[in-house]
Amino acid sequence: MSGKITFVGAGPGAADLITVRGAKILAEADLVIYAGSLVNEAILSYAGNAECVSSGDMNLNEIIELMSKAWETGKNVVRLHTGDPSIYGAVGEQFRELEKLNIPFEVVPGVSSALAAAAALKIEFTEPEISQRVIFTRVAGRTPLPDGERIEDLTSGTLCMFLSVSALDKLSADLIRAGRRASTPVAVVYRASWPDEEIVYGTLENIAQKAAVHGVKRQAMVVIGDVLDPGKTKSKLYDAEFVHGYRNDRFYGKCAIFALTPKGIGKATQIASGLAGSVIFTPEKFTSLVPELRRMVYPDGGFSAAFARAWKEFDAIIAVTASGIVVRHAAGLVNSKKVDPAVVVCDENGDYAISLLSGHIGGANRLARAVAAITGGKPVITTASDCRGIMALDELAAKYHYRIVNPDKLTEIAQAILENKLVSLKMPEELFNRYYNGMDNVEYLGDSKDVIEVKINASGVLLKMVKRRFALGIGCRRGIAGADLKAEVGNILQSHGYSWNDINLIASAELKKDEPGLLALVEDLGIPVKFFSGEELNSIQVNGVSHAAQEHLGINSVSEAAALLAAGKGANLIFGKTASGNVTAALVEIVEE
Ligand code: SAH
């Protein structure tokens, strides 16, 4: 008499998340072959006196042999897989072997860890009007991804990434290249439904950093998509005043560059190197001319489709082409200045960067200036308020690192300025004097350190901008003078578009607590300082490991780890360890305190 073979889904971990049928079949089993440590051993207690064998060290042949022998002798065999057997359970090959041997079997489904992750997150994967599909996938590992299923192809939909938590960096970069916003929410759910379940939230831009701070654990589901934050996303998507670009001073991850000739691609590559996270759309035949990390290849002749896609998915487009090409392709896509991307056209020599569309609200004027600064060319700007010499408020926000609380009001303000209405400004005196003092129809309401308020005709607060806060990590050689430290770190800050005025907190290693130069600097600037022990610093995973610090102090990183620790929860890395002369510095935005 022969027995019975059943493949059973054990569920995500918690013993009571196995199905009633699965538990019943386990109770009748004589032999259980379970998928190693991913299966909670508590589930094996349902199996009564059955023999339980881990398949962790067994290959396919060994598993099939064990199953078939037991079956022949009349035993009930359960092959226990985590979650649901059909998802990365490698059951297909087992089914085929059993079929070859004419051995019958059944399958009992289980609760996949993706579903347990949704439960832990308390979200709907298929939130109406945000996403109506869920993709279960993984990053390429030993098993490559088939054509058409690469990460770059996952341009929309909610993603549940199995087997991927150790590759968050590349995964995020690839998804940004696929056209997803850098601010797309991401959650990493560790050990969903187990007693030690944990969740780390972030965005494509910072999840790798956050998960690293948290410490890598293998058993984790990475969930990606706007369904993680439906309230916010919905209101953003459906807010008629939704404005491109303001989330993101330099269009990080949201700038698409087009070029059609080898020379143009050379210029595009130069521009891309100065705009972090930007990508170059390139025809197939020029693939090899574009650095791999920046490359988005479209089929030759597919310029129209690629352009239309970038229009929808990116906050800014830079075209190193004739302006006519851009105008013709943009014609059918233009909607309104509130939603259209910033469009900048640049000639192949980089002599001119023309702000073509969405100059003001979309930030194209700002982008044209940035592009011209990179190529050594001239920005061409035609919007009225810029020509009248009024420092655009959005540009002020980007340059001095303010967050615009209600960007929807910018149009009203710009209009009022054009109509010569009285504009009242409350802002740091230095900024007022630099940009607005002495202008007609501008009234100064007084100094305020961290907030800018703009009112029109004293009609109540219309626009509000709040200074973003930053923690600066510093590492330095013994004996450096305070003034040198200030100058060197100042250079590093400046090269990233920041200044000492932006720093709210300084952090370093405890070993530097009595470093005279550092203490002098802190005193001079009046910025609070925090010191962290070697042990605390080593608890943080960083990108920029410092070999010198490792060797001399036994610390992996001083500046980057200290800045991350000082910024605390929700830290958002702006730039990692950067060296200049005898100092290193890293900058982290303080998001929550
Ligand atoms: N068949 C299983 C998946 C097996 S592949 C299922 O349906 O869940 C193993 C991967 O599943 C892990 O790398 C991890 O990404 C995910 N995983 C398994 N159990 C998990 C859990 N409890 N919490 C989060 N992810 C889990």
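Predicted model: local features only at pLDDT ≥ 70, side-chain atom pairs only at ≥ 80, totals over all residues.

Me: Which atom of Ile87 lies 2.7 Å from a ligand nitrogen?
Reply: A backbone N or O atom of Ile87.

Me: And Trp194, what does that one bring to a nitrogen atom of the ligand?
Reply: A polar side-chain atom, 3.5 Å from the nitrogen.

Me: How much of the ligand does the protein bury?
Reply: The ligand taken alone exposes 540 Å², and 95% of that is buried by the protein.

Me: How many residues surround the ligand?
Reply: There are 17. The closest are Ile87, Ser112, Ser113, Ala192 and Ala220.

Me: What classes are in that shell?
Reply: The shell has 10 nonpolar residues, five polar ones and two charged ones.

Me: Which domains supply the shell?
Reply: Domain 1 (4–111) and domain 2 (114–224) each give at least three residues.

Me: Switching topic. What other domains does the chain's assignment give?
Reply: Besides those two, the assignment gives domain 3 (245–364), domain 4 (393–467) and domain 5 (469–590).

Me: How far apart are domain 2 and domain 3?
Reply: Their C-alpha centres lie 28 Å apart.

Me: How many residues does each put into the contact?
Reply: Domain 2 puts in 11 residues, and domain 3 puts in 13.

Notes: Residues numbered from 1 in each chain as written. Heavy atoms only, no water. Near = heavy atom within 4 Å. Polar contact = N/O pair within 3.5 Å; in protein donor to acceptor, adjacent residues only side chain to side chain. Areas by Shrake-Rupley, 256 points an atom, 1.4 Å probe, with all protein chains shown as cover. Nonpolar A, V, L, I, M, F, W, Y, C, P; charged D, E, K, R; others polar. Domains from an automatic or database assignment. Contact = heavy atoms within 4.5 Å.
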